[in-house]
Amino acid sequence: YTGWLEQVKNHSFTDFINRTNFQAKSLYQLTQFNTWVLYKLLGTNAWLWHLVFITMHALNAILLFVFCRRLLADGGVKNSSMITAVGAALFCVSPYVSEVVVWEPAFHFLQGLMLIMIVLLSTQAYIHTHERKYVLLGCGVYMFSLFSLEIFYITPWLVLTLGIFYAMIPGAKQGSLRRVIVFFFLPMLLLAAARLGAYWAMYGDWVSRIG
């Protein structure tokens, strides 16, 4: 936290966004921009920052609930709402997740999970509706997530797994897996490859941050 605070207070906007003076090299422009905006709005008020973190944690739980409730219902599971509500409640209190609420330099983990959930919800909505706006939303959010935290590595594979699930359930729509692969999985792989290539071009390495 102290290193971040020194950077946001004493360095230029461009240097802060690009982490020019950080020892660990990365492409965190989205995260840096978001925390810069929050700093300008909240300063170093501990209660306001804590409120932001609690709100993000609660929103992630809501996104998880909406996604899993539909997932279970589509899979023919009875009492899907009750099961998902209990799961979301356990999610809220799990120390593996809630640690980032009390360790506040971990903003990017809350943000990273939120971005993943939006992509998964967009994919799920597309499977149901075949509306292209969900393709644009999912791939667009994933493109931004490439500049947030390295957790973006797993997102395309979660999307592929989701497509496989919907191809195997009773009453599956014909061609749903192919559509997920063509419109989500492959474009995300290409975006991830472009991001890795950009990092290599800038820093001469493939793995960002601390490897």
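The buried residues of helix 1 are covered by elements that include helix 2 (13-17), helix 3 and helix 4. This arrangement belongs to a predicted model.

**Helix 1**

- Trp4, Leu5, Gln7 and Val8 are the buried residues here, and they belong to helix 1.
- Viewed down the axis of helix 1, these buried residues fall within an arc of 165°, so they line one face of the helix.
- Thr2, Lys9 and Asn10 are exposed, and they sit on the face of helix 1 that is turned away from its buried side.

**The largest pocket**

- Rolling a probe the size of a water molecule over the atoms shows where empty space is left.
- The largest pocket holds about 530 Å³ of space.
- Its lining consists of 20 residues, and those nearest the centre of the pocket are Tyr1, Trp4, Glu104, Pro105 and His108.
- At least two lining residues come from each of helix 1 (2-10), helix 3 (29-42), helix 4 (46-74) and helix 7 (107-129).
- By residue type, the lining of the largest pocket comprises 10 nonpolar, 7 polar and 3 charged residues.

**Cysteines**

- A disulfide is a covalent bond between the sulfur atoms of two cysteines.
- With a cut-off of 2.5 Å between cysteine sulfur atoms, the count is 0 disulfides.
- Cys68 is in no disulfide, and the nearest cysteine sulfur, that of Cys92, lies 12 Å away.
- Cys68 has a relative accessibility of 22% and therefore counts as partly exposed.
- Cys139 has a relative accessible area of 14% and is therefore buried, since buried means under 20%.

**Positive phi angles**

- Most residues other than glycine have a negative phi.
- Arg19, a residue other than glycine, has a positive phi near 50°.
- The location of Arg19 is the loop between helix 2 and helix 3, and this residue is buried, with a relative accessible area of 11%.
- His130 is not a glycine either, yet its phi is positive, at about 60°.
- His130 is placed in the loop between helix 7 and helix 8 (132-145), and with a relative accessible area of 29% it is partly exposed.

**Val86**

- Val86 is part of helix 5 (residues 80-93).
- The relative accessible area of Val86 is 45%, so this residue is partly exposed.
- Val86 and Gly175 are 89 residues apart along the chain, and their C-alpha atoms are separated by 33 Å.

Notes:
Residues are numbered from 1 along each chain as its sequence is written. This is a predicted model: local features need pLDDT of at least 70, side-chain atom pairs count only at pLDDT 80 or more; totals for chains, interfaces and linings use all residues. Side-chain values use heavy atoms; hydrogens and water are left out. On a 1 Å grid over the protein atoms alone, a cavity is a set of points where a 1.4 Å probe fits but cannot get out, and a pocket is an open set with protein on both sides within 12 Å along at least five of seven lines; lining residues have an atom within 4 Å of a point. Grid points are joined across faces, edges and corners, and a volume is the space filled by probe spheres set on the points. Helices (H or I, at least four residues) and strands (E, at least two) are DSSP runs, numbered from the N terminus. Ala, Val, Leu, Ile, Met, Phe, Trp, Tyr, Cys and Pro count as nonpolar, Asp, Glu, Lys and Arg as charged, and the others, Gly among them, as polar. Buried means under 20% relative accessible area, exposed over 50%, partly exposed in between (1.4 Å probe, protein chains only). The arc is that of the directions from the helix axis to the C-beta atoms. Contact means heavy atoms within 4.5 Å.
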